[in-house]
Amino acid sequence: MTLSVEGVAFSYSRSRAVLHDVNLTVRRGEFVGLLGPNGSGKSTLTKLLARVNRLRTGSISFEDRQLGRLRMSEHAKVVAYVPQSGEPTFQLSVRESVLLGRTPYFGMRPRRADWEVVDAAIEHMGLTDMASRSVGDLSGGQAQRVLVARAVAQEPEILLLDEPTSALDLRYQVETLRHVRDLTRGRNLVSLIAIHDLNLAARFCDKVAILQGGRIVAFGRPNEVYDRELLEEVYGLEVDLFERDGAVQVHPVIEARPGTAPHGHAPLPASALT
Amino acid sequence: MTNVLTRALPAVPRRGRPSRSLIIGAGLVVSLLSVALSVVVGTAGIGLGDVFHTIAIHLFGVPSTDSFRRTEVIVTELRLPRALLAFLAGAALSVSGVVMQGLLRNPLVSPYTLGLSPAASFGAALAIMLSNKAGNTPSSLVTILSALGFSLVVSLIVLGVASMKRMKAVTLLLVGMAFFQLFEALTSATQFFADENTLAEIVHWTFGSVNDATWHQVLVVSVLLAVTLPYLFARAKALNAIAFAGDDAAASLGVNVSRTRLVLIVVVVVLTAVVVSFTGVIGFVGLVGPHIARLVVGSDHRYLLPFGAIAGGLLILYADVVGRAVLSPVVIPVGIVVALIGAPLFINLVLSKGTLAQS
């Protein structure tokens, strides 16, 4: 019962290869973080899995089904994709936005069953009170929850998130990741998230894959994978590693400005991250 | 940053308001009555009863009289095709605007933004100029084909260039704007080099008018809408996904984004080119029609497409009525009236919610 990525390579043009021979296996119920510096290929891999980009080399299969061979509407019932929340161009209510997740399921008009799934997804994401509000009037965190609710309404088996927390403040980052982790476990999904924050990934993801130059250079549990030398090589930056409440944490070593304490900021309270 | 235009638009009708299907049904009834009313306006002193009598003569074989023949001719040969062409042209241009705004996720675009209307405009102007130079009267078919040809060529170039850049919405928009400027300049050039008679013809045509409406034109636009509107309604769900979720998420929702965009743009090109070749340039309706419709039925394209057609149709229909009534017997071209009505209306739409301060 796994998502299996084998020998995947991808390039946007002949001169610009983005992924090389990527291999990855993710089991149901696992939440995997895709880490790496900008341009390392984590978003491209996410978009290949979501079929936003067309797979030309390698194979992506889920439970013995080649995902690339499914019809697009069938693929959309298996894989849901959550992009980064942005300013909506046109106003749409929360309920109508979440209904978009039912696109692969209905014809011209949604059926009663579709609305029931939509309302359940809205409730699951704690959005019931704002179901009739316009998404444009919500906070960044709430809008991101709407996108996750849309993916939930899609009733997928694989959930993909492409840097969904990049534009959110710390509280909403934590909230979004907590929702995804709970969904993954509660619904026994395969979830992958392209994310920059090593510490949040270590806290919420079961496993992480570190990408460098389009290749996966390490894959496993954060405590096993986070290695000072590896991270310094991948990110080109000196880092410190330490452990907090059982989770490994990464700290960039930044030269303190004159007159300030070397560790002038307080760490997050552990309660905020569980 | 908050988008000024879209902040002024409501999400969906609030509870307690009539259902959107009911609003669309009411809009259709209002449209039929408006067409009948617009036939009445003019110097000939025709009443609403005369309109229905004429329709009864032609549809149900009710006998006519010699004294009624003149009224009958005015209604059937002048007023009714004019009213119908005005409504159908407005519907086609507004629907084109709805589709373009959704596809490009930009409330400020219309068929003009892709350079389609300016290209069609240049094609028609060129046909008029060349026909006059050859000593012929330009036929409507040649003018249509020339308008269609230029807008198709432009759309193919735009799509070709955009596909090289993976067809991002912003690329389409920028390339379209370049073509807008290019064909505006070329149309000006045809006016600059045209002789006096041709210049008058081209300028009159560029105003946008339904003065010379014929049943043949009404039939062509009717058939075109009868074919394209059901198709567009069938693609409303895909258009929703592209407009509200974006290209990437729409693809993950099972929509073939590139193919949908290509086919819908071809439909819009054909609609725009044919209408522009009949009526000349009536620009504002493709921008304002969708916004008026969005204000009434919300942004869901399943409702926005039909009501956008109604809103655009009524806008041109009443603009033509105003153009005939204000300085009667002088008829102000509908393109001028639409811009005069549409611009303040559009500014009002933007400002009425007091949202500028939020942007």
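## Sheets and helices of chain A

Strand E7 (residues 158–162) and strand E8 (residues 190–194) of chain A run parallel and are joined by five bridges. Helices (H or I, at least four residues) and strands (E, at least two) are DSSP runs, numbered from the N terminus, and two strands pair if DSSP finds at least two bridges between them. Within this pair, Leu159(A) has Ser191(A) in E8(A) as its bridge partner.

This is a predicted model, in which local features need pLDDT of at least 70 and side-chain atom pairs count only at pLDDT 80 or more, while totals for chains, interfaces and linings use all residues. Residues are numbered from 1 along each chain as its sequence is written, chains are lettered from A and ligands numbered from 1 in the order in which they are written, and side-chain values use heavy atoms, leaving out hydrogens and water.

The chain A strands E6-E7-E8-E3-E9-E10, in that order, form an open sheet of six strands with mixed pairing. Strand E6 (79–82) and strand E10 (215–220) of chain A each have a single partner strand and stand at the edges, so one side of each has no neighbour in the sheet. On average, neighbouring strands of this sheet are turned by 20° against each other, direction ignored.

| Helix of chain A | Strands touched | Angle |
|---|---|---|
| H1 (residues 42–49) | E3 (31–35), E6, E7, E8 and E9 (207–212) | about 145° with E7(A) |
| H9 (residues 228–235) | E3, E9 and E10 | about 45° with E9(A) |

A further open sheet has four strands in the order E2-E1-E4-E5 (chain A), paired antiparallel. Its edges are strand E2 (16–27) and strand E5 (65–66) of chain A. Strand E4 (residues 57–62) of chain A pairs with E5(A) over two bridges, and Phe62(A) stands opposite Arg65(A) in E5(A). H1(A) also lies across strand E1 (2–13), E2 and E4 of chain A, at about 115° to E1(A).

The axes of helix H5 (residues 140–153) and helix H6 (residues 170–186) of chain A come within 10 Å and cross at roughly 15°. H5(A) is therefore roughly parallel to H6(A) (angles under 35 degrees count as roughly parallel, over 145 as roughly antiparallel, 65 to 115 as roughly perpendicular and the rest as oblique). Among the residues making the contact are Val148(A) of H5(A) and His179(A) of H6(A).

Key: Axes are lines fitted to C-alpha atoms, for helices over the stretch in contact, and angles run from 0 to 180 degrees between N-to-C directions. Contact means heavy atoms within 4.5 Å.
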